[in-house]
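Subject: Structure for you to look at

Hello,

Here is the structure I promised to pass on. Please open it first and then read the notes below.

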Amino acid sequence: RIGRGGLSGRPLAARAAALTRHLYRTTGGAVPIVGVGGIDSADEAYARIRAGASLVQLYTALVYEGPGLIGRIHRGLVERLDRDGLGTLAEAVGLDAGE
């Protein structure tokens, strides 16, 4: 049950990622998409970028984990780009959006 104040954070991640992929496919990647909802780690940020987001927004996780989260996500994104043989985040945008 969703209580007063609504829903945020991790419970939104799967739906928000699906919507990001849908928007990326629908617009053909021509419109910048901000990935929101449940981004609390480098894995989640990278997944949202690969789904089609060219930017990500942190909110709930930042409240709970503090500003150190930004550095952890940044370092994690660099590691994921290296692992995937990509030079920039822009190269990763939409890779998993599908047809």
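Among contacts in the protein chain (heavy atoms within 4.5 Å) between residues at least 6 apart in sequence, 58% join residues at least 24 apart. The model is predicted, so local features need pLDDT of at least 70 and side-chain atom pairs count only at pLDDT 80 or more, while totals for chains, interfaces and linings use all residues. Residues are numbered from 1 along each chain as its sequence is written, and side-chain values use heavy atoms, with hydrogens and water left out.

Overall layout. The protein chain has five helices and two strands, in the order α-β-α-β-α-α-α from the N terminus. Helices (H or I, at least four residues) and strands (E, at least two) are DSSP runs, numbered from the N terminus. Of the 99 residues in the chain, 35% are buried. Buried means under 20% relative accessible area, exposed means over 50%, and partly exposed is in between (1.4 Å probe, protein chains only).

Helices α1 and α2. The axes of α1 (residues 13–27) and α2 (residues 42–51) come within 8 Å and cross at roughly 25°. The axes are lines fitted to C-alpha atoms, for helices over the stretch in contact, and angles run from 0 to 180 degrees between N-to-C directions. The two helices are therefore roughly parallel to each other; that term covers angles under 35 degrees, with over 145 roughly antiparallel, 65 to 115 roughly perpendicular and the rest oblique. On the α1 side the contact includes Ala13, Thr20 and Tyr24, and on the α2 side Glu44, Arg48 and Ala51.

Salt bridges. A salt bridge is a side-chain nitrogen of Lys or Arg within 4 Å of a carboxyl oxygen of Asp or Glu, and the count comes to seven. One of them joins Arg50 and Asp84 (3.2 Å, N to O). Arg50 lies in α2 and Asp84 in α4, so this pair ties together parts that are 34 residues apart in sequence. Arg50 is buried at 17% relative accessible area, whereas Asp84 is partly exposed at 30%. Asp84 also forms a salt bridge with Arg83, with the closest N and O atoms 3.0 Å apart; Arg83 counts as exposed at 58%. Arg50, Arg83, Asp84 and Asp96 are linked in a network of salt bridges.

Arg80. This residue lies in α4 (residues 68–84) and is buried, with a relative accessible area of 15%. Leaving aside neighbours within four places in sequence, Arg80 is in contact with Ala42, Asp43 and Tyr46.

Regards
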